[in-house]
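Good morning, and thank you for coming.

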Amino acid sequence: EADIVEVKPGASAEVEVDAMREQRFTGNVTEIGLSPIQDVSGGGGGNNQSQEGKEFKVVVRIEKPPPDLRPGFTATAKITTALREDALVVPFSAQIAREIELDAKGEYVRPPEPKSGDPEPVLTAAERAKRSEKKGVFLRRNDRAYFQVCEFGVIGEKMDIEVKAGLQEGDEVISGSYQVLRTLKEWDRVELDPK
């Protein structure tokens, strides 16, 4: 479901047929289903509104199929949706969305460094209205966390994500579980894990 929007007619594919594992076939996408494949197993009964990801039918036409390839064989296809060379990437687990304050130019307004012992400020309705949700990463600078707005691109095979804007090569990006990144705040002290 998350990937189907990236699949386009004509995209190249590498196909592995279970009955012919020693061979790989090349092909192209010829058809993409508009609706998810319906579960006809009847599991759950009634109007089952499952929260599981949906699957979509994609037809791949194999170039130069061998004569022993049969209709109905089970196959797996790797479809190339985008190709980037020398891309700047970060781990997928580093990206996070935050509600942040933007100035008149749409630039991030970094909050002032909190003083020791000060309570966390409570935002008024007017202050909340100035905020907008943006995706980005936390950077580590001088052992502190700094949120950096980023523009992301394609997700790679190794669960990394392309950074189109917002970072430079060599920036130290904080990566971790969603639960940890969700609670991280601007100016928080962070230590480098030697692992």
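Is Val29 buried or exposed? Please keep in mind that this is a predicted model. Val29 has a relative accessible area of 3%. Because buried means under 20% relative accessible area, Val29 counts as buried.

Val29 belongs to strand E2, which covers residues 25–36. Which residues is Val29 in contact with, leaving aside its neighbours within four places in sequence? There is a run made up of Val7, Lys8, Pro9, Gly10 and Ala11. Val58, Val59 and Val60 are also in contact with Val29, and so is Ile79. For a sense of distance, consider Pro65: 36 residues separate Val29 and Pro65 in sequence, and their C-alpha atoms are 15 Å apart in space.

I now turn to the backbone. Most residues other than glycine have a negative phi. Where does Asp143 lie? Asp143 is in the loop that runs between strand E7 (131–141) and strand E8 (144–149). Its phi is positive, near 60°, although the residue is not glycine. Asp143 has 37% relative accessibility and therefore counts as partly exposed.

Met159 sits in the loop between strand E9 (151–155) and strand E10 (160–165). How is Met159 classed by accessibility? With 49% relative accessibility, Met159 counts as partly exposed, because exposed means over 50%.

Thank you for your attention.

Methods. Residues numbered from 1 in each chain as written. Predicted model: local features only at pLDDT ≥ 70, side-chain atom pairs only at ≥ 80, totals over all residues. Heavy atoms only, no water. Helix = DSSP H or I, 4+ residues; strand = E, 2+ residues; numbered from the N terminus. Buried < 20%, exposed > 50% of the residue type's maximum accessible area, 1.4 Å probe, protein only. Contact = heavy atoms within 4.5 Å.
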